[in-house]
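Let's take a friendly walk through this model together. Have the sequence and the 3D view at hand before we start.

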Amino acid sequence: MGKISQGILGGLSGKVGNVIGGSWKGIDYIRIKPSSVANPRTEGQVNQRNKFTVTLEYLQPNKEFLKVGYKSFATKKTEFNAAMSYVLNNAVGGTAPNFTVDYSNALLSRGSLSGALNATTDLATAGQVSFAWDDNSLEGNANTTDKAMVLVYNPSKKESMYILDGAIRTAGSQTVTLPGTYAGDTVELFIAFVSADGTQVSNSLYLGSGTAA
């Protein structure tokens, strides 16, 4: 049974009929429980579920990265939900029902801070990925104290290795250590920058894929 507080116009907690109420981040909400659908697996519904699934598989291992990268977009929603919305609308393609994520458009970080300049990666050394970039701390709104955010995503294992407060922009390089089990796996590589106080981030930059040594 649901309970209505503060009178009929107050917050609803629980379920009353087909109306469900609750509170999230101090915001009262209500939603209507949908009626049963005669055919819940239409082509459009299946396609949307498949798009949702591939997006979820991509973002789930990167939750902590998204908490920093989508912080500015977490208004009445979580950082994860903001990222889900962006990727679904901008980076999911392919032919139905086999949809895929376009990593070059699937931003893990969104913001106006100057990004990485001439970034590259090196996977030649066993058990690690080396990221490198040029110092552009005097260009745009970049600062010498901005910190690198680097991420190595392993789609086959559905997990990631990342550093959220890496080397400063002037250092020009950062290394990520990989588990031995990654050897031979294809990994997807990303870099972004965050300001020293954490208030600004750059768009993430996809640096392509490679085979972990």
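In which sense do strand β12 and β13 pair, and over how many bridges? Before answering, keep in mind that this is a predicted model. The pairing of β12, which covers residues 186–194, with β13 is antiparallel and runs over five bridges. To find one spot along it, look at Val 187, whose bridge partner in β13 is Gly 210.

Four strands form an open sheet in the order β10-β9-β12-β13, and their pairing is antiparallel. At the edges stand β10 (159–163) and β13 (205–211); each has a single partner strand, so one side of each is left without a neighbour in the sheet. On average, neighbouring strands here are turned by 20° against each other, with direction ignored. As a reminder, strands of a sheet pair through backbone hydrogen bonds, in either a parallel or an antiparallel way.

Next, the pocket. The largest one has a volume of about 160 Å³. Its lining draws at least two residues from each of α1 (43–59) and β6 (98–101). Among the lining residues you will find Val 54, Glu 57, Tyr 58, Phe 99, Thr 100, Tyr 153 and Lys 158.

Of the 213 residues, 37% are buried. Taking contacts between residues at least 6 apart in sequence, 59% join residues at least 24 apart.

Terms used: Residues are numbered from 1 along each chain as its sequence is written. This is a predicted model: local features need pLDDT of at least 70, side-chain atom pairs count only at pLDDT 80 or more; totals for chains, interfaces and linings use all residues. Side-chain values use heavy atoms; hydrogens and water are left out. On a 1 Å grid over the protein atoms alone, a cavity is a set of points where a 1.4 Å probe fits but cannot get out, and a pocket is an open set with protein on both sides within 12 Å along at least five of seven lines; lining residues have an atom within 4 Å of a point. Grid points are joined across faces, edges and corners, and a volume is the space filled by probe spheres set on the points. Two strands pair if DSSP finds at least two bridges between them. Axes are lines fitted to C-alpha atoms, for helices over the stretch in contact, and angles run from 0 to 180 degrees between N-to-C directions. Buried means under 20% relative accessible area, exposed over 50%, partly exposed in between (1.4 Å probe, protein chains only). Contact means heavy atoms within 4.5 Å.
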